[in-house]
Amino acid sequence: MDTPGMISCDDELRRWPTDEAQARAVQDRLRPHVRLDEAGPEPGFEGTVVGVDVAYDDERDVVAAAAVALDARTRAVVDRATAVGQVSFPYVPGLLAFREIPTVLDALGRLARTPDLVVCDGYGLAHPRRFGLASHLGVLTGLPTIGVAKNPFTFRYAPPGPERGATSPLLDGTEEVGRALRTQTGVKPVFVSVGHRTGLDRACAHTLHLAAEYRLPETTRAADALCRRALADA
């Protein structure tokens, strides 16, 4: 899935880090490749939006990844794929992408077509080192990516208004690294951040479109259910 001018997935996977110092060096090396100058596809575009998620079996050091493709307009599932692999990196907060990306890339590669947008269950720029899973995956694949997380990590925010669609800035000091977004009236917000090749306004609009009935976007809900089934069958 490499895009011309982007980082080679194969090269990165061949030299995948095995400790914290190596992983932080990779983040420092790849962070400048994040593209923040593109708005990304319009909400409801004609194409596919893919949700990715992972599930772990800590006793066996196994990780299962799922990629579920939805029609970007109707939200109907049009394709799905899974992959199972061994966890090859320790649990370190802020470095979770290094536990997940190899298997996520495997699942994405098994889809029938290249996604037009990828929605990650996690962070993009809303990350202490500004390089969460969504940014890392976007740089490696060249695909537009966004992060939609269930909690704000270490950042602060004022609660958005109670109505669906209300937002408030997710802040690191005075820097806006994402937004708290109320996807359903009266429920807890989700936390949206840019990953790669997509602007924050459209990232929030995509999330709202994909979360038509529930707090989490349908991409995340479908990928979460599928990776758990794949793990149980592994």
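These legends describe close-up views of a helix pair, a cavity and a pocket in a predicted model.

Residues are numbered from 1 along each chain as its sequence is written, and side-chain values use heavy atoms, with hydrogens and water left out. Local features need pLDDT of at least 70 and side-chain atom pairs count only at pLDDT 80 or more, while totals for chains, interfaces and linings use all residues.

**View 1. Helices α3 and α4 pack at an angle of about 45°.** Helix α3 covers residues 97-109 and helix α4 covers residues 133-141, and their axes lie 11 Å apart. (Helices are DSSP runs of H or I with at least four residues, strands are runs of E with at least two, and both are numbered from the N terminus. Axes are lines fitted to C-alpha atoms, for helices over the stretch in contact, and angles run from 0 to 180 degrees between N-to-C directions.) The angle makes α3 oblique to α4, a term for what remains after roughly parallel (under 35 degrees), roughly antiparallel (over 145) and roughly perpendicular (65 to 115).

**View 2. Residues of α3 meet residues of α4.** From α3 come Ala97, Phe98, Glu100, Ile101, Val104, Leu105 and Leu108. Their partners in α4 are Leu133, His136, Leu137, Leu140 and Thr141; contact means heavy atoms within 4.5 Å. By class, this contact has nine nonpolar, two polar and one charged residues. (Ala, Val, Leu, Ile, Met, Phe, Trp, Tyr, Cys and Pro count as nonpolar, Asp, Glu, Lys and Arg as charged, and the others, Gly among them, as polar.)

**View 3. The largest cavity has a volume of about 30 Å³.** A cavity is a set of points on a 1 Å grid over the protein atoms alone where a 1.4 Å probe fits but cannot get out, and lining residues have an atom within 4 Å of a point. Grid points are joined across faces, edges and corners, and a volume is the space filled by probe spheres set on the points. The lining consists of Gly44, Phe45, Val49, Ala72, Leu117, His206, His209 and Leu210. Helix α5 (residues 200-210) gives the largest share, three residues.

**View 4. The largest pocket has a volume of about 580 Å³.** A pocket is an open set of points with protein on both sides within 12 Å along at least five of seven lines. Of its 27 lining residues, Leu96, Glu100, Asp121, Gly122 and Tyr123 lie nearest the centre. β1 provides the largest share of the lining, five residues. The lining divides into 15 nonpolar, six polar and six charged residues.
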